[in-house]
Amino acid sequence: MRFDSHLCLVSAQATPNLVPAINQDFQPTTVTLAVSEDMQDKARWLEKVLKEQGLKVEKLMISNPYDYNQCWECFAEWLGKQTNGVALNATGGTKIMAMAALDVFREERKPVFYINIESDEIIRLDTRQASLMLPTKIKLKQFLEAHGYSVLKKPNKPDINRDIRDFVQRLAYESERLGKALGKLNWLANQAVEAKGTGELVSPTLDKRDLDSKAFDDLITMFKNEKMMVFTDNTLVFPDETARKFVNGGWLEYLVLQALSTLAPELGLTDWAMGIEVLAPDGKTRNELDVACLLKNTLHIIECKSANLALDGKMGKTSGTDALYKLDTLRRMGGLRTKAMLVDFRGSLSDTDKSRAVQMNLKVVSGAQLRDLPGALKAWLR
């Protein structure tokens, strides 16, 4: 089932049109996007991704996507001009558009298919032919750009060596003992400034209470052993910005990414990465996804917090409340099916915020639950 050309009905959901068009076993040479006035932006985003795959993209304007007769005439006229092997992807558009296109193609005995996004099935609607499995090939960058988000920084999937893996897992296992001390360490790393001419970053001076804490001393030793910082003259010195960010909570993203890497073969993740910087369709709003992955054509976003989420945030809200609202906003970037999770290292999210997370359908993994992070992620992803 491979056709020279696909006619796709543009809607708010880009994935059903994208999946068959970029799969090498099913990929056409030309894609025609049937698009109404209110779907112009959606079509433009989809066109950009398709052209990057080397496809020729054309547009068919639909003046009224809720007028059956107009839609029928538009599709009939267009189909009458086609000389190559064309098939209709009937997954998108309004119901009226889909019905009109389906009727036209059936009258002309042309192939029609429908995409079951959750199962990666291509279902033929014009024959009794068995459905075809079409494993997804979409990457995070393609998925986000098809939904209108510019990826400013290439998704990062670093090689996590055994030392780093064991290190972050130890931090997770000792979250209850080390949580408060790590909060202080985060603050010091966040406040570090560059020492002129050295490239190193130096923290504020530590006070006596920090130096008398065994948990804090253990943390300094652990990060020193990983060459992420040195302790000198009662200050923390970070060799570069990468090390500072790692100490300032970045290690938690490594922990989550490592867990996803472990689960990927079993669950069938198509892509996963950390530190994805994006620009919203408005061309102004920038955000960073701590960790994200794709499973069954669904975007999963994970926000990682190692700070105390019970502290005051903005406008009288806690930091936890701010984190939940930010995560809820980020979730909108991947369409209606996008799922989101907050990983709270210290287990400091208030009961009120936990209830708020439930109401917002946001998953929270916190504190001691991090000891079996792969298990928590597996249950959520499934």
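**View A. The second largest pocket of the predicted model.** Of its 19 lining residues, Gln13, Pro16, Thr91, Ile117 and Arg337 are the closest to its centre. Two or more lining residues come from each of helix H1 (15–22), strand S5 (112–116) and S15, and S5 contributes the most, with three residues. The lining comprises seven nonpolar, eleven polar and one charged residue. A pocket is an open set of points on a 1 Å grid over the protein atoms alone, where a 1.4 Å probe fits, with protein on both sides within 12 Å along at least five of seven lines; lining residues have an atom within 4 Å of a point. A volume is the space filled by probe spheres set on the points, which are joined across faces, edges and corners. The model is predicted, with pLDDT of at least 70 needed for local features and 80 or more for side-chain atom pairs, while totals for chains, interfaces and linings use all residues. Residues are numbered from 1 along each chain as its sequence is written, and side-chain values use heavy atoms, leaving out hydrogens and water.

View B. Leaving aside residues up to four places away in sequence, Thr15 touches Ile117, Ile138, Phe143, His147 and Asn297 (heavy atoms within 4.5 Å).

**View C. Packing of H1 against helix H2 (residues 40–52).** The axes of H1 and H2 lie 11 Å apart at an angle of about 10 degrees. H1 is therefore roughly parallel to H2 (angles under 35 degrees). Asn17, Leu18, Ala21 and Ile22 of H1 meet Leu46, Val49 and Leu50 of H2. The residues of this contact are six nonpolar, one polar and no charged.

**View D. The largest pocket, with a volume of about 1,500 Å³.** The lining of the largest pocket consists of 46 residues, and Asn186, Asn248, Gly249, Ser306 and Ala307 lie nearest the centre. Elements that each supply at least two lining residues include helix H7 (175–191), helix H9 (214–225), strand S13 (271–279) and helix H11 (319–330). H10 provides the largest share, ten residues. By class, the lining holds 14 nonpolar, 13 polar and 19 charged residues (Ala, Val, Leu, Ile, Met, Phe, Trp, Tyr, Cys and Pro count as nonpolar, Asp, Glu, Lys and Arg as charged, and the others, Gly among them, as polar).

Notes. Helices (H or I, at least four residues) and strands (E, at least two) are DSSP runs, numbered from the N terminus. Axes are lines fitted to C-alpha atoms, for helices over the stretch in contact, and angles run from 0 to 180 degrees between N-to-C directions. Angles under 35 degrees count as roughly parallel, over 145 as roughly antiparallel, 65 to 115 as roughly perpendicular and the rest as oblique.
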